Amino acid sequence: MQPNYLANWVQSLFNALGDEVKGKSLGLGGDGRYYGKEAAQIIIKLAAGNGFKKVVVGQDALMATPAASALIRRRHLYGGLIMSASHNPGGPENDFGIKFNYTAGEPAPERITDKIFGETSKVATLNMADIPDVDLSKVGVTKFGEFEVEVVDPVADYLAQLKEVFDFALLKKFLSRKDFSMVFDAMHAVTGPYAKRILVEELGAPASAVLNGVPSPDFNGGHPDPNLTYAEELVKIMWADKAPAFGAASDGDGDRNMILGHKFFVNPSDSVALIAANAQACIPYFKSGLKGVARSMPTSGALDRVAEALKVPFFETPTGWKFFGNLMDAGKCSVCGEESFGTGGDHIREKDGMFAVLAWLSILAFHNKDVPEGGKLVTVADVCTQHWKKYGRNFFSRYDYEECSSADADKMVAHVRDVIAKSKPGDKIGEFTLATADDFEYTDPIDGSKASKQGLRFVFTDGSRIIFRLSGTGSSGATIRMYIEQYTADPAKLMLDAQVALGPIIKVALELSQLQKFTGRERPTVIT
Ligand SMILES: O=P(O)(O)OC[C@H]1O[C@H](O)[C@H](O)[C@@H](O)[C@@H]1O
């Protein structure tokens, strides 16, 4: 990141917030990329020059996004700036790899991000205080007159928050079972120190349970994306004949997650549904039940079925975590998630990778509480299978076509819009009968704001769906995402491989969009 770029952006943010920031305290975190510490020094000087009274920063700028949210909420800080590991400047809620968490620790709402964006073109002066760099390697307070910088242990507040959510004694007992083993891949990103402290020191997992636990400026040459493509090392371990019972990975800034069993991938859409279904029984924080649940539109309908069974309010939002923030602030949502590997809850209102890992460990601990050590352990796959037997299974897959030319992608989108305009309920598309086709629109139930053009979708009478969206986070060209979903309650089909089960509808999706013709792509770059 260019220092000037960063300074301009942060100054725009402070300008947008105006007098609101005067005399307030700001939380600050980074993720272990090389610019983390440098950027922290710049932001500290800008905060001092713009009237903040204090900056609270993680030691070595190693602050995961959920940890920063916990810090903001627990210490009643004004807000927090998190330098995210994003390879994708300009995503739905993070500009230039920075995420601004607003007062309650949730991602900044659209009205704030729009205001910041408006200010970026007008910045004339950088109000940077003339103070020396702060030693970020040591916990402690440095004062500069009225202004002070506190360097904190980045894990402490977050751990305290997690302890209010989960039964740590139960988890510790479960992790001490000789017949259970796990591995967590921190992918050389920020969660290494978190995993060591929480999983190893607090919960007693062996040190070897944390893989790639040392944050590195360039993620050791890897790409810290917790999916089947990029978490290759973990996938190899979990697909070996002799493997740990549980595997998980988290991303650059610790907010996304992937959950695996032995030779078993838990689709993120299923993961949030399973967490919601088991929350009340397995996680103390949810013991009085869920206030409501939410998923993004492209995320599969597995969660809808759980909401219906639990009789709790359900919300379908556009892609982007900020839409959940409003619901959680209004006390309408306890658990939410997205197909893009984000899962979270209202404990900190962020997507939270470690929360998902501890939620899954709590689910496993609960389902194994009557299984004697050495008995047949209830596995991740068993928990999912039992869930599908009860609710049916929403097969789901996402095809990503990265770095397409923007012109080609736009042509394809125009074509799909045209198909939608010409179609009507009852039309036959392949073996499927159309129920509706539209461009998803959302009216926020809390503030009434409208979001349009949030994804082109075809919904069929059997509940199957085909959705096209252009990524808002891709870094070069256009990334087309094609989401495919099909529901089955047929016990004979529950265990099919998702790609096999979805074969026919994928064909339909490719035909109706003419994706291959428009983009020249024979196959996607990533399949989830
Ligand atoms: O627009 P996409 O590339 O599909 O990315 C979508 C994702 O972007 C960011 O990571 C947001 O925090 C997520 O809430 C969202 O799901």
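Modeller: The unreviewed UniProt entry annotates "domain: Alpha-D-phosphohexomutase alpha/beta/alpha" over residues 1-122, 157-260 and 270-372. UniProt positions are in the numbering used here, feature names are shortened, and annotations may be inferred rather than shown by experiment. Residues count from 1 along each chain as its sequence is written. Keep in mind this is a predicted model: local features need pLDDT of at least 70, side-chain atom pairs count only at pLDDT 80 or more, and totals for chains, interfaces and linings use all residues.

Biologist: How much helix and strand is in residues 157-260?

Modeller: That span is 35% helix and 14% strand, with its end C-alpha atoms 28 Å apart. Residues 270-372 are 44% helix and 16% strand, and their end C-alpha atoms also lie 28 Å apart. Helices (H or I, at least four residues) and strands (E, at least two) are DSSP runs, numbered from the N terminus.

Biologist: And how many helices and strands does the chain have?

Modeller: There are 17 helices and 25 strands. The chain is as compact as a globular protein of its length, because its radius of gyration is 23 Å, close to the 24 Å that the globule rule gives for 528 residues. That radius is taken over C-alpha atoms, and the rule is 2.2 Å times the number of residues to the power 0.38.

Biologist: OK, cores. Which residues have the most contacts inside the largest nonpolar one?

Modeller: Phe184 and Ala276, in a core of 123 residues. A nonpolar core is a set of buried Ala, Val, Leu, Ile, Met, Phe, Trp, Tyr and Cys residues joined through C-beta atoms within 7 Å. Buried means 20 or more other C-beta atoms within 10 Å of a residue's own, with C-beta atoms placed from the backbone. Helix H12 (residues 353-367) gives the largest share of this core, 11 residues.

Biologist: What does phenylalanine 432 stand opposite?

Modeller: Isoleucine 429. Strands S18 (residues 428-429) and S19 (residues 432-439) run antiparallel, joined by two bridges; two strands pair if DSSP finds at least two bridges between them. Their hairpin has two residues between the strands, and glycine 430 takes a positive phi near 60° there.

How values were computed. Buried ≥ 20, exposed ≤ 12 C-beta atoms within 10 Å, placed from the backbone.
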